[in-house]
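Colleague: Can you walk me through this one? I'd like the metal site, the ligand and the domains.

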Amino acid sequence: MGIPEKIAELEAEYAKTQKNKHTEAHLGLLKAKMARLRRDYEASGKSGGGGGGGFDVKKAGNSTVVFIGLPSVGKSSLLNALTGTKSKTAAYAFTTTTVIPGMLNYKGAQIQLLDLPGIIAGAAEGRGRGREVIAVARNADLVLFILDVFDPFYLPKLRETLEKIGIRLDCEPPAINIHRTEKGGIDLFFDAKQSQLNGKIVTAILNEYGIFSANVTIRENATIDQLIDVLTGNRKYAPSLAVVNKIDLVKPEFLRKINLEHIPISAEKNQNIETLKEAIFKKLRLIRVHTRSRFEAADRNAPLIVREGTTVKSAAEKLHREMKEEFKSARVWGPSAKHPGQRVGGDHALKDGDEFLVEKK
Ligand SMILES: Nc1nc2c(ncn2[C@@H]2O[C@H](COP(=O)(O)OP(=O)(O)OP(=O)(O)O)[C@@H](O)[C@H]2O)c(=O)[nH]1
Ligand SMILES: [Mg+2]
């Protein structure tokens with residue numbers, strides 16, 4: 001029996017097993033078996049997806065945003081509206097056949113936008129070059145879902161498609177550490193109360209992955225799926241944002257009735273595009289910081305763009321490589337400083353609008 005048949009058999013067993021507390025461990029093990037087989041199958045190169053032959057995209061700018069949506073929802077029109085790029089648009093499906101990059105300059109940040117061909121149901125299984133298309137989303141710092149105002153409830157399907165190729169949206173990597181050891185069996189340490197995992201289940205799943213000796217620390221209330229993700233590896237974590245496009249075609253009452261949380265826009269009529277730019281910038285958690293001298297405030301026209309949480313030392317290193325060795329301390333003015341010119345160590349986290357001055361060794 002080949003791997004696809006084995007997976008199909010396990011899927012069938014999974015489907016017919018009742019889902020309740022008593023079967024949870026059994027189901028968890030089935031999931032682990034399927035996940036491991038899928039991983040092996042993809043690694044074998046026979047799945048038609050994954051590495052090689054895909055779209056080559058070079059990351060550029062401070063962050064990368066990837067557009068995901070059905071054909072003809074207006075992805076290319078939106079790229080044009082946001083950046084002035086000329087990506088071909090037309091009223092038929094699959095107008096875009098490759099990755100079209102554009103650059104959005106916003107608040108001093110260079111945000112790379114990637115317009116993609118539309119994806120269709122079955123994309124994760126390879127339909128319509130679907131796997132190659134969605135694989136581009138693995139490069140994303142943000143996934144932007146684009147929905148059509150007449151089909152606004154398609155979002156869960158799109159999310160599911162990305163999940164299938166190992167992209168985890170709007171969550172952090174699980175707080176699970178697995179450190180393999182030579183011998184000594186599975187040493188488990190739960191650092192948080194668990195509702196799904198226990199020693200027996202974790203051990204069984206680890207064994208399924210061929211791990212019989214390891215130190216395992218679980219620092220959050222984790223699910224079986226999260227444990228499987230850590231064991232399978234190669235997962236990508238990214239935040240997401242959704243827009244509903246073509247709102248120029250409907251009355252405001254229509255939008256109110258469908259009551260969506262997504263950002264309503266019209267790419268063609270340029271409605272709400274500035275709001276969307278701001279939402280993208282916020283979601284990417286980019287901040288602007290500035291270098292200055294002791295007595296003179298910074299020139300705010302040339303900000304350094306970094307991720308929220310960036311330390312003053314790593315910001316300094318972005319400007320001058322030598323800072324790795326020469327950095328001693330820094331002075332900070334602005335939102336993160338207790339008082340103007342506060343002296344801080346290298347691990348001080350900067351905030352949007354901060355100004356800093358490095359003191360060298
Ligand atoms: N009324 C209206 N039409 C729009 C809007 N945005 C896009 N369109 C139209 O919708 C059609 C498809 O737009 P595209 O931008 O090519 O869509 P796409 O998602 O890139 O399509 P594919 O590349 O085929 O996946 C075109 O005829 C556009 O003119 C909008 O905001 N309002
Ligand atoms: Mg297009």
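Modeller: Here are the conventions, then the sites. This is a predicted model, where local features need pLDDT of at least 70, side-chain atom pairs count only at pLDDT 80 or more, and totals for chains, interfaces and linings use all residues. Residues are numbered from 1 along each chain as its sequence is written, chains are lettered from A and ligands numbered from 1 in the order written, and side-chain values use heavy atoms, with hydrogens and water left out.

Colleague: Which protein atoms are donors of the magnesium ion?

Modeller: Ser76 (OG) and Thr96 (OG1), 1.9 to 2.1 Å from ligand 2. Donors are N, O and S atoms within 2.8 Å of the metal (3.2 Å for Na, K and Ca), and sites may look incomplete because water is not among the atoms.

Colleague: Where in the chain do Ser76 and Thr96 sit?

Modeller: Ser76 is in helix H3 (residues 75-83) and Thr96 in the loop between H3 and strand S2 (100-106), 20 residues apart. Helices (H or I, at least four residues) and strands (E, at least two) are DSSP runs, numbered from the N terminus.

Colleague: And ligand 1, which residues come nearest?

Modeller: Lys75, Ser77, Thr96, Asp248 and Glu268, of 23 around ligand 1; that count takes residues with a heavy atom within 4 Å.

Colleague: What domains does the assignment give?

Modeller: Domain 1 (3-47 + 174-232), domain 2 (63-169 + 236-283) and domain 3 (286-360); the bounds come from an automatic or database assignment.
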